[in-house]
Amino acid sequence: MRWGKTSCGPSPETATRATCLSGEASLFEVNIRYIGGLLSAFYLTGEEVFRIKAIKLGEKLLPAFDTPTGIPKGVVNFKSGSNRSWGWAMAGSSSILAEFGSLHLEFLHLTQLSGNQVFAEKVRNIRKVLRDIDKPFGLYPNFLSPVSGNWMQHHVSVGGLGDSFYEYLIKSWLMSAKTDMEAKDMYYEALEAIETHLLNVSPGGLTYIAEWRGGILDHKMGHLACFSGGMIALGAEDAKEEKRAHYRELAAQITKTCHESYARSDTKLGPEAFWFNSGREAVATQTSESYYILRPEVVESYMYLWRQTHDPIYREWGWEVVTALEKYCRTEAGFSGIQDVYSKVPNHDNKQQTFFLAETLKYLYLLFSEDDMLSLEDWVFNTEAHPLPVNHSDSSVRGGD
């Protein structure tokens, strides 16, 4: 889940100076951006200051878990130690799947580096709640009450609000050097439910993952959902033998669809969301979804598919993105998002999102690097693309029992 958020609020527009000064911060954003970044800095440099700062920041997040279920709320106050849910999340009553489901990688490393089991215990409890709860058709809705432990509605998305939960399941398996069987089983069970209830092929032959609202499908994909091609490719090798080729092909087809959302725009950059209805495929159908804010998910999938297949098409597609970024997004001061990918004279939004540096450029660099540059055998990337080492020897970072 890589919204354009800050650590102080749910979006740049609502993250006011007053909110930041009050000491409030997003559990999710602090974890994936700051803790993830500090952990990577420590593992890549060995500098002790990064380890110490990551642990201290992790301790600051622990009050978020003070709920009847142990499912954390989305906002924690660093001054008072209080917590609350986002006001826009079901009127402040819910925690968000992608937020509380995307803590596992970093928190297990915090336990390993600090010796404090509390971090691992918090995320293992989240796993237990999610494993035990009834799931509609095996699907995970996006909003869960941290008080009752019940789903608050039945909206399911592999894009925003849900995305990185699924990503962290397969990456927990990989980071554990393939010992975290619980994560592996949960991932493949979730993927099977997604295939059964959300996967579609358009009349034009494009494979896409729709959004599910209590059995009713919205035939669209968000740009955020385009990470799923890379995720499925990453997990294909560890699937049952009879499913491996299927998952490789599924990953390729979803990635192709996401490429089409770029190829069918005038700028060759993809919109925030694209639809499959009324005879139109892989294009935004309203101006409010036509913007591009330097998001990384499509090039992320190109990188994973390249590493798996070495098909030159993924580097060709990646270079198309580089060319388009240079042509339409570069400014004197950096790179800016654009308000309409279907206009060859786009208006800049005057914002360079932090994930452009952390993710978009990093994945493009890795796409054109040798495979031993941050090898996928030795590293996993958190959802902000900060590399964390695979645990080849120490069982203390295992995610399951």
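**Cavities, strands, helices and loops**

Trainee: Which residues lie nearest the centre of the largest cavity?

Mentor: The largest cavity is lined by 13 residues; a cavity is a set of points on a 1 Å grid over the protein atoms alone where a 1.4 Å probe fits but cannot get out, and lining residues have an atom within 4 Å of a point. This is a predicted model, in which local features need pLDDT of at least 70 and side-chain atom pairs count only at pLDDT 80 or more, while totals for chains, interfaces and linings use all residues. Residues are numbered from 1 along each chain as its sequence is written, and side-chain values use heavy atoms, with hydrogens and water left out. Nearest the centre lie Gly 101, His 104, Ile 126, Arg 127 and Phe 165.

Trainee: What is the volume of the largest cavity?

Mentor: The count comes to 4 cavities of 30 Å³ or more. A volume is the space filled by probe spheres set on the grid points, which are joined across faces, edges and corners. For the largest cavity, that volume is about 110 Å³.

Trainee: How many residues of each class are in the lining of the largest cavity?

Mentor: α6 (118-132) and α7 (163-175) each supply at least two residues of this lining; helices (H or I, at least four residues) and strands (E, at least two) are DSSP runs, numbered from the N terminus. Ala, Val, Leu, Ile, Met, Phe, Trp, Tyr, Cys and Pro count as nonpolar, Asp, Glu, Lys and Arg as charged, and the others, Gly among them, as polar. The lining therefore divides into 9 nonpolar, 3 polar and 1 charged residues.

Trainee: Which residue has a side chain in polar contact with that of His 104?

Mentor: His 104 belongs to helix α5 (residues 104-114). With 6% relative accessibility, His 104 counts as buried, a term for values under 20%, where exposed means over 50% and partly exposed lies in between (1.4 Å probe, protein chains only). A polar contact is a pair of N or O atoms within 3.5 Å, one able to donate a hydrogen and the other to accept it, and residues adjacent in sequence count only if both atoms are side-chain atoms. At 3.3 Å, the partner of His 104 is Arg 127.

Trainee: Which helices each supply at least two residues of the lining of the second largest cavity?

Mentor: The second largest cavity holds about 40 Å³ of space. Its lining has 5 nonpolar, 1 polar and 2 charged residues, including His 259, Lys 268, Trp 317 and Glu 320. The helices in question are α10 (241-263) and α12 (313-329).

Trainee: Which residue in the hairpin of β12 and β13 takes a positive phi?

Mentor: Strand β12 (residues 273-277) has 4 of its 5 residues buried, and 3 bridges join β12 to strand β13 (residues 280-283) in the antiparallel sense; two strands pair if DSSP finds at least two bridges between them. Strand β11 (residues 220-222) also pairs with β12, antiparallel over 3 bridges. Met 221 stands opposite Phe 274, and Phe 276 stands opposite Glu 281. The hairpin has 2 residues between the strands, and the one with a phi near 50 degrees is Ser 278.

Trainee: Which are the edge strands of the open sheet of 3 strands?

Mentor: The sheet has the order β1-β2-β3 with antiparallel pairing. Each edge strand pairs on one side only, and these are β1 (24-26) and β3 (83-84).

Trainee: Is Asn 350 buried or exposed?

Mentor: Asn 350 lies in the loop between β15 (334-335) and α13 (354-367) and has a positive phi near 65 degrees. Most residues other than glycine have a negative phi. With 73% relative accessibility, Asn 350 counts as exposed.

Trainee: Is Leu 374 buried or exposed?

Mentor: Leu 374 sits in the loop between α13 and β16 (379-381), with a positive phi of about 50 degrees although it is not a glycine. At 18% relative accessibility, Leu 374 counts as buried.

Methods:
On a 1 Å grid over the protein atoms alone, a cavity is a set of points where a 1.4 Å probe fits but cannot get out, and a pocket is an open set with protein on both sides within 12 Å along at least five of seven lines; lining residues have an atom within 4 Å of a point.
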